[in-house]
Structure formats: C-alpha cells, structure tokens
Amino acid sequence: MAKKKGSIVYKCSNCSYSQPGWLGRCPNCGEWNSMQECIVDPNAATPTLNADGTSVKVKPVPMARISVQDEGRISTGSPEFDRVLGGGAVRRSAILIGGEPGIGKSTLLIQTAASLLKNSTAGAKPCYKVLYVSGEESAQQIKSRAIRLGLDTDAVEILCTLRLEDILDALDGLNPSFVIIDSIQTVYSVQAGIVPGTVSQLKYCANELISWVKERDCVLFMTAHVTKSGDIAGPKSLEHMVDTVISFERSGDEVRFLRATKNRFGSIDELGIFEMEENGLKEVSDPSSLFLTRREGSTPAGIACASVFEGSRAFVVEIQALTVPAKASMNRVYSDKVDSARVSRVAAVLEKRAGIKFSDQDLYINVAGGVRLTESAIDAALAAALYSARTDLPLPEKTVVTGELSLAGEIRPVSKIKQRIKTAKELGFTNVIAPGGESGSKGANSVKDLLSLLFAKK
C-alpha cells in the first residue's frame, strides 16, 4: 500500500524536544516561543541502534570500499530494442517510453512481454513474471491485440486500474520480474488528489513505483503521453527520476524510430528501427534499404548520399535538396529532418567560398526514409546536394560524401571514417569522397576540392 502522509509535530528549536501540540514554553529546557511546526517523515527508515541505545547515523563511505556488481541485463527479445537500451534491460531500473498516440507504444510493450516469457521458459513454466497494468484499455482489448498479433501472452498478468494503491497491492502479491504501466499519466493516488495527470500525481505515483522496483530485481516500463511539440507531457522531473528515457518517433505510416534521450546504463547514440506491419512491429536489420531510393536510370540533381553513424551502426542515407526562387523578400529554409540552422550555415559557406548565390532562394531539404540527422559528418553531403540542386548538375553515380564543413570552407575529418568507407563499399558505392584521402576514398580538404571532384567534368 502507499505510505501515509507525514504527521505534524512541534519541535523545540533549542533542545529538539517534540510533542504533538504547540506550547508557548518548552517543558524540557524552559525556552519561550521555541516550539516550531515540523512534519515527521513516514518514509524514513527505522534507525539502527547501538548497544547503548543511541542511533547509528548514515556516514559517507570511501569509493575504494564500494564493490561494483554486474548490472544483470535481460534481453527483451528484440535486438533493436536491446540496442537502444544499451544491451538489454537492467534489473532495478525504470524506463520511460514517450510517443504520439497510435505510434505503437502498447504494441511494442505487449510484444516485449510475450518475448520475455517465451525466452525465459524453463520446461513448461516461464522463469519471469510479467504484470501489465493498463489505465487506458480493458483486458479484452489487450487480449484482442495479442491475438491479432499472434502472440502467446497467456502467462501475462493483466491489471486494469487507475489507482496506485491497487497497483502496489498487486505488486506485493505477485512480485513480478517486469512491470508495464500503460500509461503513467492515467495513474492516480488519493494521497496526491483524485485527478490523474497533474504534476503532483505524476511525481508521487512515479516515485512510489520506482521506489518499489529499486528494492527488488525488477524492471519497470512506463509509457508516457507527449505534447504537440513531441516532448513528454508533465514535469521535467519525471524524466530525471527514471533511468532511461526513450523517444518513439514516426516516419510516414510504417517506419518507426526508437532512440534514447537519456540512459544511465548505456549510450544515447543508438537508433532502433522498426516497421509497423499487420502482425506488429518488425525490426529493420538493414537500415540502408529504407534510406536509399532504388532508381531506374541516372540520379537526378539535388541528391547526395552520406555515410552516417548512429551509435555502433553505420549506414548510408540519401539527402535531397531543392532550391527555388524565394517567394518573399527573404529566403526561407524548409527542413525538419536536418536542423534548419545547419542548412543555412552550409548554404552561407557555399555562397562565400564557392561563389554561388543562395540568399535569393528558398531551400527545401529532406532525408529519404524520414530519419533525423544530427551529426556533423553530413555537412559535406549537404553542401554537395545544395550545389547540385542550385546548378541542376547531378552527382556522379554511386558516390558517397562524408565530412564536416567549417566556416572557412575546410572539410574536416570525422570519427570512424574507416567504418563509414567500408559500409559504403559493401553497399555498392564505388566513389567515396572523404577528408584526408583515407584508403579507399578520394581526398577533399576544402569545399572547392569537393566541388571540383564532383562536378569538374560537367
């Protein structure tokens, strides 16, 4: 059950004597007007007593005396999900998953629950217990989805309730290995009011659930609503309380991207890619199949391919650029997959260092497959795409460009260049342009060198 609120006592500021009611004079030390109102913390642990009856106070411990134990990762049964989590779910951790309505959060978690039970079966009985708590759907709806997806979820425990006290009772009785809360915004406790979704409700309910998990070898998954801007709804402290925050993003109607914005047990650079199909979310093991357009004939102007890294995985993406005369007195940049400030900066470098005008053009930038690109290694490819679109000159066939563009027009080296070149070669690209002239590539140390390599013959 949820712990009760603290009771009020009156404590003397002079001698620390306390009693339930206020007095003008402390009966212990005789001090006048020293009784102050205080709240007794009911969650404080019972102090350990020494042989003489005095309490043992908490003391700092040298770092050298602390032993590090294995994190105890558990595979979710989905390599893409495990990749984003840093290799699997860590015991005694809390994971928050946010995404827009209908993106597939519940589908991902019910598939995860089924995979956990399937992979942990010892004989005829699973080793793990999974509790699925839903405040948005009925048990019949959850069962219907599992049947439609072809999942074996008979061993999953379902609890449909909004009350935190009911959830804590179920947790104490079942003692599950995995807890799924769908969603945390629907949970409420009478200790924090009766309206779900308020700031106090979210903080109180999340804290109670996280505290329960931290004391046991259990993993907590919580889904969360998002605002119109895509941020997790509610107080920012909710993201501080959990160990991992995962964003579920959509590209079109089918492709889904899973990425961590916070992870105490791994990198936040990994990207999980799924496709939504009739039988649920399907992992995409070869991202380049989504991000490269298979064409018949030559590549049109304004298209450039870049080798990018997302966490530990390299793949090639297609950057598409279009320039048209500005419709107003000022030019505008339309780009949602690449930061518009980056696009403006690259265009300014081209205008200054290559002598081609962009200030009177509206710039449109897109990335095939809808993946969002943030690393600086795409600068050179973005510059090539913009120049190609402005001059209507296509890049040579089977060409990949990588490198960071400085304001001075230099193309600077990027990390893991050998892996980028190797990935491009494996995908059939024969012409790789990279700074420094790494083995297997052509060197371009400035934007003028880049344009000369790409467009000199044209």
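Is Arg-83 buried, partly exposed or exposed? Arg-83 is partly exposed, with a relative accessible area of 25%. In this predicted model, local features need pLDDT of at least 70 and side-chain atom pairs count only at pLDDT 80 or more, while totals for chains, interfaces and linings use all residues. Residues are numbered from 1 along each chain as its sequence is written, and side-chain values use heavy atoms, with hydrogens and water left out.

**View 1. A salt bridge joins Arg-83 and Glu-80 within helix H1.** The two side chains meet at 3.7 Å, N to O; a salt bridge is a side-chain nitrogen of Lys or Arg within 4 Å of a carboxyl oxygen of Asp or Glu. Both residues lie in helix H1, three residues apart, which is about one turn of the helix. Helices (H or I, at least four residues) and strands (E, at least two) are DSSP runs, numbered from the N terminus. Glu-80 is buried, with a relative accessible area of 3%. Here buried means under 20% relative accessible area, exposed over 50%, and partly exposed in between (1.4 Å probe, protein chains only).

**View 2. Glu-249 and Arg-259 form a salt bridge between two strands.** Their side chains meet at 3.7 Å, N to O. Glu-249 lies in strand E13 (residues 244-251) and Arg-259 in strand E14 (residues 255-263), so the pair ties together parts that are ten residues apart in sequence. Both Glu-249 and Arg-259 are buried.

**View 3. Arg-390 and Asp-360 form a salt bridge that links distant parts of the chain.** The distance from N to O is 3.9 Å. Arg-390 belongs to helix H9, whereas Asp-360 is in the loop between helix H8 (340-353) and strand E20 (361-367), 30 residues apart. Arg-390 is partly exposed at 27% relative accessible area, and Asp-360 is partly exposed at 33%. Elsewhere, salt bridges that share partners join Arg-163, Glu-165 and Asp-166 into one network. The whole structure holds 20 salt bridges.

**View 4. Aromatic rings pair in the model, and the count comes to five pairs.** Phe-81 and Phe-221 form a tilted pair, 6.1 Å centre to centre with 45° between the planes. Rings of Phe, Tyr and Trp (its six-membered ring) pair if their centres lie within 6.5 Å; planes under 30 degrees apart count as stacked, over 60 as edge-to-face and the rest as tilted. The pair links distant parts of the chain, with Phe-81 in helix H1 (residues 79-85) and Phe-221 in strand E12 (residues 219-224), 140 residues apart. Both Phe-81 and Phe-221 are buried. Ring pairs also link Phe-81, Tyr-128, Phe-178 and Phe-221 into a cluster.

**View 5. Val-61, Met-63 and Ile-66 make a nonpolar surface patch.** The patch covers about 330 Å², an accessible area from the Shrake-Rupley method with a 1.4 Å probe, for which only the protein chains shown count as cover for residues. Patches are made of residues with over 30% relative accessible area and no salt bridge: like charges are joined within 9 Å, and nonpolar side chains (Val, Leu, Ile, Met, Phe, Trp, Tyr) within 5 Å. Val-61 lies in the loop between strand E3 (35-39) and strand E4 (73-74). Val-61 is partly exposed, with a relative accessible area of 49%.
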